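I opened the model today to look up a few things. My notes follow in the order I took them.

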Amino acid sequence: MTYQSGRHFLQIPGPTNVPGRVLRAMSAPTIDHRGPEFADLAREVLAGVARLCGTGGPVALYPSSGTGAWEAALANTLSPGDRVLAFDIGHFAALWTRMATQLGLDVDVVEGDWRRGVQPEQVYEKLAADPEHRVKAVLVVQNETSTGAATAIPLIREAIDRAGHPALLLVDAVSSLGSIDYRHDEWGVDVTVAGSQKGMMLPPGLALNAISPRALEASRTARLPRSYWDWKPLLGTAETGAFPYTPPTNLLFGLREALAMLDEEGLPAVWERHARFAEAARRAVRAWGLDLVCQDPDGYSPTLTAVMVPDGHDADQVRKVILDRFDMSLGTGLGRLAGKVFRIGHLGDLNDLTLAGALCGVEMGLTLAGVPIAREGVTAALDYLASAV
Ligand SMILES: *Cc1c(COP(=O)(O)O)cnc(C)c1O
């Protein structure tokens with residue numbers, strides 16, 4: 001590999017660009033994870049991630065990818081053969097469903113077209129038709145990273161309550177926490193699943209569960225086998241600062257810095273910034289004359305935009321041209337969207353000019369790859385970014 005000048009544009013919807021401040025914080029010498037300095041660090045970051053999740057309850061922090069925290073959410077709250085309700089709204093939802101099946105749960109999957117999020121009415125209808133309360137949990141992905149469609153979690157909670165159903169609400173917030181409004185307690189979420197490498201601006205390797213009192217209660221009788229994922233040994237960590245096994249010390253240094261950065265900007269401003277980037281990206285896509293994967297305007301994702309490539313063109317070829325010529329990585333089409341879709345990540349540590357540069361690369365790359373577009377997308381995005389504050 002020859003040296004490539006300038007900065008690589010990592011515009012995939014996770015892992016995201018890790019800010020210099022976080023990288024420098026992580027480069028500190030590793031410390032004794034049983035010493036007093038570490039205990040202070042652990043207490044500080046656990047309080048910080050709880051605030052980020054919007055919870056006053058416990059948070060279990062794992063050295064793991066987000067997938068591990070999916071397993072933790074299921075294994076701690078459910079028993080073999082329990083029925084859970086899931087929605088086939090995209091690749092990540094499908095992977096969580098597959099995991100639930102592999103763990104021995106009875107998954108009732110509501111079909112979907114991968115072009116919108118979970119519709120609250122579907123939740124209501126399913127649960128209203130379950131007077132015996134056989135469904136023990138509802139699995140919802142807040143921001144489906146394969147399609148760029150988001151689901152309004154408060155409306156899902158409202159639908160569950162309207163049906164008078166006691167099912168737990170388990171929410172995947174992996175590509176939304178820290179970028180999109182999220183309130184574990186206020187929205188009545190029972191388990192939140194999140195990971196470090198998206199809106200939290202960290203490298204991959206940390207994942208978490210925020211745990212409601214009802215979820216904690218369920219964990220006392222849940223019988224799915226669990227050991228590493230067991231919440232119990234992690235529950236006192238916020239007070240003692242002691243992990244039951246070796247924690248990823250340097251990632252926690254990074255987490256402390258990332259939480260400080262989110263605090264400095266202010267979460268509402270962070271959410272607003274992401275919404276603005278997403279609107280600019282969608283204006284570019286429309287001006288190019290291309291289609292969004294997400295067909296529900298109420299569900300447009302603030303953190304990524306998934307774009308359909310016209311029939312007869314290969315989205316991965318477009319991505320390859322863009323990587324080769326402009327040193328930018330875009331997200332690939334996942335699952336049934338492979339080859340048909342590319343995804344522009346606009347979450348984490350970026351600003352107007354980062355997004356503008358990314359959209360320039362996409363516009364040039366589409367043209368070079370021979371995809372017929374109107375070369376007006378960047379202009380549309382810039383007009384919006386310049387006017388919307
Ligand atoms: C990235 C992602 C995951 C998976 O996380 P890993 O860290 O790759 O295990 C799960 N759900 C959503 C919505 C994601 O975006």
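I call a residue buried under 20% relative accessible area, exposed over 50% and partly exposed in between (1.4 Å probe, protein chains only). Helices (H or I, at least four residues) and strands (E, at least two) are DSSP runs, numbered from the N terminus. This is a predicted model: local features need pLDDT of at least 70, side-chain atom pairs count only at pLDDT 80 or more, and totals for chains, interfaces and linings use all residues. Residues are numbered from 1 along each chain as its sequence is written, and side-chain values use heavy atoms, with hydrogens and water left out.

**Entry 1: helix α12.** I looked up α12, residues 352–368. Its buried residues are Thr 354, Leu 355, Ala 356, Ala 358, Leu 359, Gly 361, Val 362, Glu 363, Gly 365 and Leu 366. What covers them? I found that the cover includes β1 (9–11), α10, α11 (315–326), β13 (328–330), β14 (341–345) and α13 (377–387); contact means heavy atoms within 4.5 Å. I also checked the length. The expected span of a helix is 1.5 Å times one less than its number of residues. For the 17 residues of α12 that gives 24 Å, and the end C-alpha atoms are 24 Å apart, which agrees.

**Entry 2: helix α9.** I took α9 next, residues 249–265. From first C-alpha to last, α9 reaches 25 Å, close to the 24 Å expected. The buried residues of α9 include Leu 251, Phe 253, Leu 255, Ala 258 and Met 261. I see the buried residues of α9 pack against α1 (20–26), α2 (36–53), β2 (59–63), β10 (206–211) and α10 (267–288). Just after α9, Gly 266 takes a positive phi of about 90 degrees.

**Entry 3: Asn 76.** Is Asn 76 buried or exposed? I noted a relative accessible area of 0%, so Asn 76 is buried. Asn 76 is found in helix α3 (residues 66–77). Not counting residues up to four places away in sequence, Asn 76 touches Tyr 62, Ala 218, Ser 219, Ala 222, Arg 226, Trp 229, Asp 230 and Trp 231. Asn 76 and Asp 230 are 154 residues apart in sequence, yet 6.3 Å apart in space, C-alpha to C-alpha.

**Entry 4: the whole chain.** I counted 13 helices and 14 strands in the protein chain. Of its 389 residues, 58% count as buried. Among contacts between residues at least 6 apart in sequence, 74% join residues at least 24 apart. The C-alpha atoms fill a box of roughly 60 × 55 × 40 Å, taken along the principal axes.
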